[in-house]
Amino acid sequence: MSTRIFGSGIRRREDPRLITGSATYTDDITLPGMVHAAMLRSQHAHAKITKIDTSEATSAPGVLAVYTGVDIDGALEPVPCAWLLPDSDLKIAAYPAIAKDIVRYTGDIVAVVVADDQYQAYDALDLIKVDYEPLPSVINPEAAAKPDAPQLHPDIEGNQAFHWVVSGGDVDAAFKEAAATGVIVKERIIQQRLIPNAMETRAAVAQYNQASGELTLWNTTQNPHIVRFLCSAVTGVPEDKLRVIAPEVGGGFGSKIAVYPADFVTIFCAKMLGVPVKWTETRSENYQATTHGRDHVQDVELAGTKDGKITGLRCSVQAGMGAYLSTAAPGIPTILHGLMLSGCYDIPAIKEDVYGVYTNGVPVEAYRGAGRPEATFMLERLIDLLAAKLDLDPADVRQKNFIPKFDNGHDVITGLTYDSGDYPSGLTKLLGHTDYKALRAKQAEGPQDGKYLGIGISSYVEICGLGPSQVAGAIGFQGGLWESAIVRVHPTGKVHVFIGASPHGQGEETTFAQIVASEIGVDTNDVKIIHGDTDNTPMGWGTYGSRTTAVGGAALAMAVRKIRDKAKVLAAHLLEASVEDMDYDDGKFFVKGSPDKSKTIQDIALLANVAWNMPEGMEPGLEASTFYDPPNFVFPYGSHLAVVEVDTETGHVELTKYTALDDCGPQINPIIVEGQVHGGVVQGIGQALWEEAVYDESAQLITGSMLDYALPRADRLPPIEVISTVTPSPHHPLGVKGVGEAGTIASTVTVCNAVLDALRPLGVTSIDMPFTPERVWRAIQDAKGN
Ligand code: MCN
């Protein structure tokens with residue numbers, strides 16, 4: 001086995017079971033005596049519950065129990081929020097898993113039915129009679145922050161969940177100077193609500209042993225250890241008696257970070273009834289009750305000099321939180337958004353006010369990119385506006401402002417230290433590769449048949465590899481951000497890796513095997529990656545924030561290096577050489593200068609496990625574990641380019657070209673990286689052109705199914721070209737940075753910049769996302785004064 005396996009695009013070992021239908025998801029779990037739960041969810045966005053009559057439902061065929069908010073009183077603690085943002089006047093609205101007095105979004109659980117089968121449970125839901133007294137509702141975060149807005153929570157004035165500020169440099173002076181001698185550009189940006197669309201909806205199966213008090217929860221989650229932690233706190237089952245298993249998870253995109261009311265309710269039912277209980281969400285329930293993403297109203301202004309040097313950025317953001325604060329919600333529009341506002345540039349003065357606002361919508365959580373697409377959009381859109389105002393090429397304005405190449409740390413005004421980057425070279429490579437000059441020349445030929453050509457670029461840097469834990473504490477994240485790995489080499493040289501991280505589509509079963517294979521020279525097929533079961537894996541803080549490879553991969557690399565070090569000592573002992581005289585290459589330990597005097601890793605695995613002849617004081621076995629807490633985040637970056645043709649008669653946008661240049665350090669598996677970028681780019685394009693969670697004036701979700709919510713379709717996309725540069729992270733043992741969210745962070749603004757570049761000759765400077773044909777057409781008509 002060659003050490004070159006690191007960096008090779010081997011096929012994903014996960015795929016055969018995924019594409020042949022032989023994977024086991026939570027809904028595939030069937031246990032003896034198992035019964036089924038269905039949640040009755042509020043149809044009102046905001047209402048008082050005056051009466052609930054469950055008598056008819058309780059006596060319906062197959063029904064075992066109906067529980068309401070009264071029943072869980074005292075049995076379940078309130079649903080927790082786990083990001084207690086400091087210095088923000090955070091006001092958490094405590095709420096029960098089943099609403100008792102007031103519902104605050106269409107989807108709030110009002111009752112649960114448990115029946116012998118799923119259909120009986122659903123039929124019985126219709127028999128529960130709930131009397132509501134409707135209350136006024138509000139969905140737009142800006143409207144919800146107004147003094148006369150309906151009040152969601154009695155003691156949270158103005159619906160304000162928090163007010164957080166990031167500030168560095170003298171912003172007011174920068175704007176004063178720009179007003180006198182330079183330029184200022186302003187924009188109002190609506191980051192519409194988005195609905196994450198994982199292939200698998202949410203599900204939970206709870207099995208409680210009333211004799212032992214042990215509970216097993218199969219749960220479709222991105223972070224089983226966090227689920228165990230929070231379920232223990234809410235249900236009272238001690239952590240040592242609580243096992244959480246995330247079997248196959250069909251994607252999450254952030255929506256499976258949260259621990260949901262329905263998870264706690266399923267556990268409650270299993271505890272009460274003493275039989276296993278399964279709950280699986282329907283797709284429309286998923287739209288209604290699984291967390292949404294984005295939902296910002298952003299007012300942004302950028303100050304610059306007349307030759308295009310950026311001097312200041314000032315913004316105010318109203319971030320819709322939905323009815324309650326979801327598990328990680330407060331950190332998203334703040335830490336993951338506000339701290340990234342300097343982007344790839346050295347902006348000397350930045351101030352942002354972020355207001356988290358309660359609204360009558362589904363709680364908002366992380367959605368691929370989580371805060372960073374919204375930050376990148378603000379900055380990169382404003383840079384295009386600045387370039388347009390000064391009649392400069394947007395690529396030149398970026399080059400003029402980029403932080404110069406750095407290898408080991410660069411401080412930006414928001415307080416972060418980026419690890420490494422070469423932003424100018426990345427953009428130069430992208431522009432060369434796509435023949436940007438030729439594209440501009442073609443554009444200069446003018447519209448063809450009413451179709452205007454637009455070229456959009458954006459440059460991004462993102463914060464990922466979430467860690468270190470010390471920072472987690474400082475920013476109020478109620479957990480650690482380290483990862484751990486155990487590597488166990490069996491007597492025949494086959495390897496088991498136990499990891500706390502919990503991939504759910506990203507491919508780490510393949511790339512982590514590549515790490516092991518590269519470090520100790522075993523075949524990737526001889527390495528099994530075990531994850532997603534809290535009883536069988538060491539602690540891990542989950543897969544989100546593109547951290548699994550940056551943090552979990554580092555833990556693994558360090559553990560497997562310990563194996564290599566021990567194997568070297570053993571080999572020296574067996575070959576009667578001193579350790580200093582030993583060399584290692586490609587799975588073989590040999591005496592320097594005498595390659596035939598060698599032991600393979602398999603030889604050593606056997607000898608270590610039988611332990612007949614160990615060096616003095618050495619423990620038997622070939623196993624190592626590592627707890628890795630990174631010294632800093634990692635900061636991948638890149639530049640993307642899109643070309644569009646806009647039909648000014650119909651407003652239709654045709655995306656004709658998309659090229660992504662990303663730098664995530666050395667790539668373990670370029671095919672997986674490409675796949676991640678493809679998926680991410682498409683999700684970002686979805687926001688730019690098609691997707692929007694629409695609520696009506698009474699806060700009813702009217703895009704409540706896939707019929708009404710426009711997901712990206714393959715036939716509407718051009719080939720997505722993925723190129724790269726490689727800048728290692730100085731602090732990661734393998735130099736790698738994350739890539740899982742990169743595409744989404746860059747692509748939304750890239751495509752919007754392209755459309756608005758196309759429409760510049762017509763005087764259109766702003767359109768609200770998504771850029772549907774109707775909105776584009778109307779913007780053109782408005783610009784024409786029609
Ligand atoms: N990788 C690599 N070389 C690098 C960096 C990464 O080969 N230099 C590989 C990794 O080993 C892994 C993949 O690329 O196989 C993504 O790794 P990483 O960037 O570490 O991201 P995570 O595994 O932490 O995944 C989280 C990220 C996030 S936050 C969202 S949201 C998202 C995403 O990944 N959700 C996804 N990608 C997704 N892909 C699928 N199929 N489903 C989701 O729900």
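In strand S6 (residues 129–134), Pro 134 is the bridge partner of Ala 47. The model is a predicted one, in which local features need pLDDT of at least 70 and side-chain atom pairs count only at pLDDT 80 or more, while totals for chains, interfaces and linings use all residues. Residues are numbered from 1 along each chain as its sequence is written, and side-chain values use heavy atoms, with hydrogens and water left out.

Strands (E, at least two residues) and helices (H or I, at least four) are DSSP runs numbered from the N terminus; two strands are taken to pair if DSSP finds at least two bridges between them. Strand S2 (residues 47–53) pairs with strand S4 (residues 102–103) in the antiparallel sense over two bridges, and Lys 48 has Ile 102 of S4 as its bridge partner. The pairing of S2 with S6 is also antiparallel and runs over six bridges; here Lys 51 is partnered by Asp 131. The three strands form an open sheet in the order S4-S2-S6. S4 and S6 are the edge strands, each with a single partner strand, so one side of each lacks a neighbour in the sheet.

Helix H21 (residues 773–784) has 12 residues. The expected span, 1.5 Å times one less than the number of residues, is 16 Å for H21, and the end C-alpha atoms are 16 Å apart, which agrees. Val 776, Ala 779, Ile 780 and Gln 781 of H21 are buried (under 20% relative accessible area, 1.4 Å probe, protein chains only). The buried residues of H21 pack against strand S26 (637–647) and strand S27 (653–663), contact being heavy atoms within 4.5 Å. Just after H21, Gly 785 adopts a positive phi of about 80 degrees.

Key:
Buried means under 20% relative accessible area, exposed over 50%, partly exposed in between (1.4 Å probe, protein chains only).
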